[in-house]
Amino acid sequence: MSALTTALAITTRDLRRVRRQPSRLLGGIARPFVWLLLVATGYNAIAQLPSGMPYREFVYPGVLVMACLFGGALTAVSTVYDREFGMLRLMLASPAGPGAVLFGRTLSATVMGTTQALVVLAAAPFITSPTLPQLLLAVGTLVVASAVSAVLGLLVASRLRSVENFAGIINVLLFPLLFLSGALYPAEQLPRPLALFASVNPVTHMVELVRRAFGQPAEYGFGLNVVVLVAWTVVAFLLATLLFDPEARLIGRPRPARAAGAP
Amino acid sequence: MSTPAIEAAGLGRDYGEVRALEALDLVVPSGALVGLLGPNGAGKTTAMLLLATLLSPSRGSARIFGHDVTGARRAARCRLGLVFQEPTVDPFLTVRENLEFAAGMAGVARRDTRAAVDGALERMGLGPRAGQLARELSGGWRRLADIARATLHAPALLILDEPTVGLDPEHRERLWGFLDTERRARGTAVLFSTHYLDEAEPADRVLMLAKGRVVADGTPRELLAPFGDAVLEVDGPGAAAFAAALQGEGLAKLVVPSEGAVRIGLDGRKEHVLERAAGATGLTRSVLRAPTLEDAYFARTGARVTA
């Protein structure tokens, strides 16, 4: 119960901060719309996909995932901010432990990613013709995509000590993940090493889940989509927990004896 | 006899090759007020972080109300309230929201949060500022909100790392008054560090740290006893000879050379010594005053607590 209380307190705090700094949320919403309006509109006229699908319709699931990915992962900057300005020490002193702190941060980042993606999803009737079940299914996949993105962001943030470092590193990581996911162009014709990377890239499988929700063809099986995303989430969360509070890992280990008077 | 708030035995921590804290032996009974004194780098913060379960020890052990700080961190943390050197108040939240957040961090059940937050606001006099954003508060009020944050779950032990740094006298007085009330009302034990030595004088016990080692440990009265009733501080080229003469005549209880001056502990015949100082050659200044913990620290380390 204490862990859940702690996680909810962190989520509430993060959402209150967002309410007082709405530019973060608005910026996150603007990014996918810029892609939709500027890039997708331009390519729609010239891109000819093998499936014959209009480019704007093809890229739409990818743009939704972009909103989840950036909204979920960039929210982890709060963790770096808290470490830089001392709040993290208060959180690590919680009886609930680092796992609860990370879970709370995952929850708030998932809400942020999903919120941004839902605004983009509201534009669906102007791009494709979704049915209500497709839209509901899409909402579910966007929550999953946001949660996985949140954990990936936390993994990157787990040891970083400055907001500037986080901003630099996260963008370097997110753009290759997005470009090599089949979100913006079909990944089937990529050179083999890149195709191999795409097959284990979590963003690939986020995009596929959203494509399935809209009834678009997917390259990999549904089972593989789920397995890859679950594996990434579990491994990233465990790694983040280990890296997040290195002192906790030392506790309980037998300590080597020191000679008296050793320096 | 109740379980002590803190029991530490040979507690130490290294950072690589640097020994930040050599070996701390400490017992703090419930309800006691204990001060840690020392300049920056003495090991105070390391000692506090170890006792707060936020650092793992390189050697030794410590218990908080009987709970081992390494083996039973969760149980130890439930009894602790912590105030760090850095502010732990979110500037983008109101005072009330900050306290609600802290209640969640401390594991206070949601149904009890409102009462706990209201109580903390009232005790600290923060009621009128409850709806104000923390970034709009003065540094003093922000610090008081930080103390309210640390005490709202009624911890049995408070660990405060330099809680009064940067506070004006009014806020310092308010803070110590609040802590005194907490100790009387709830029997809260308080371990604190400070650069303001006068704040340590009401403590039940004071530990002096230098370069990671405990150099003195006792009640303020015990630590000041070697200086006698008063300290005569003399400057000038003749200061050392004057002090030696007093010592030879049995008038000086303790002589401590200090950066061009000499501090002389006196036990009786203060007026006589002061007259001698007025007529002595080679003295540019002579001041008679009560002994302080700064004197006690200087006598043991040859260094000042404050820069």
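Is B:Phe65 buried or exposed, and how many other C-beta atoms lie within 10 Å? I started my notes there. The model is predicted, and I kept that in mind throughout.

**Entry 1: B:Phe65.** I counted 20 other C-beta atoms within 10 Å of B:Phe65. The cut-off for buried is 20 or more, so B:Phe65 is buried. I then looked up its place in the chain. B:Phe65 sits in the loop between S4 and S5 of chain B. Its phi is near 50 degrees, which is positive although the residue is not glycine.

**Entry 2: the hairpin.** I followed the chain on both sides of that loop. S4(B) and S5(B) make a hairpin, with 2 residues between them. B:Phe65 is in the turn. Strand S4 of chain B covers residues 59-64. S4(B) and S5(B) pair antiparallel over 2 bridges. Which residues face each other here? B:Ile64 has B:His67 as its bridge partner in S5(B). B:Arg63 stands opposite B:Asp68 in S5(B).

**Entry 3: the other neighbour of S4.** I moved on to S1(B). S1(B) and S4(B) run antiparallel and are joined by 5 bridges. I looked up B:Ile6 and found B:Ile64 as its bridge partner in S4(B).

**Entry 4: the whole sheet.** In what order do the 4 strands of the open sheet in chain B come? I read the order as S2-S1-S4-S5, with antiparallel pairing. The edge strands are S2 (18-28) and S5 (67-68) of chain B, and each pairs on one side only. In general, strands of a sheet pair through backbone hydrogen bonds.

**Entry 5: the helix.** What lies across this sheet? I found helix H1 of chain B, residues 44-51, lying across strands S1 (6-15), S2 and S4 of chain B. H1 runs at about 120 degrees to S1(B).

**Entry 6: B:Lys211.** I looked up another positive phi. B:Lys211 has a phi near 50 degrees and is not glycine. It lies in the loop between strand S9 (205-210) and strand S10 (213-218) of chain B. Is B:Lys211 buried or partly exposed? I counted 16 other C-beta atoms within 10 Å. That is between the cut-offs of 12 and 20, so B:Lys211 is partly exposed.

Key: Residues are numbered from 1 along each chain as its sequence is written. Chains are lettered from A and ligands numbered from 1 in the order in which they are written. This is a predicted model: local features need pLDDT of at least 70, side-chain atom pairs count only at pLDDT 80 or more; totals for chains, interfaces and linings use all residues. Two strands pair if DSSP finds at least two bridges between them. Two residues are in contact if their C-beta atoms, placed from the backbone, lie within 7 Å. Axes are lines fitted to C-alpha atoms, for helices over the stretch in contact, and angles run from 0 to 180 degrees between N-to-C directions.
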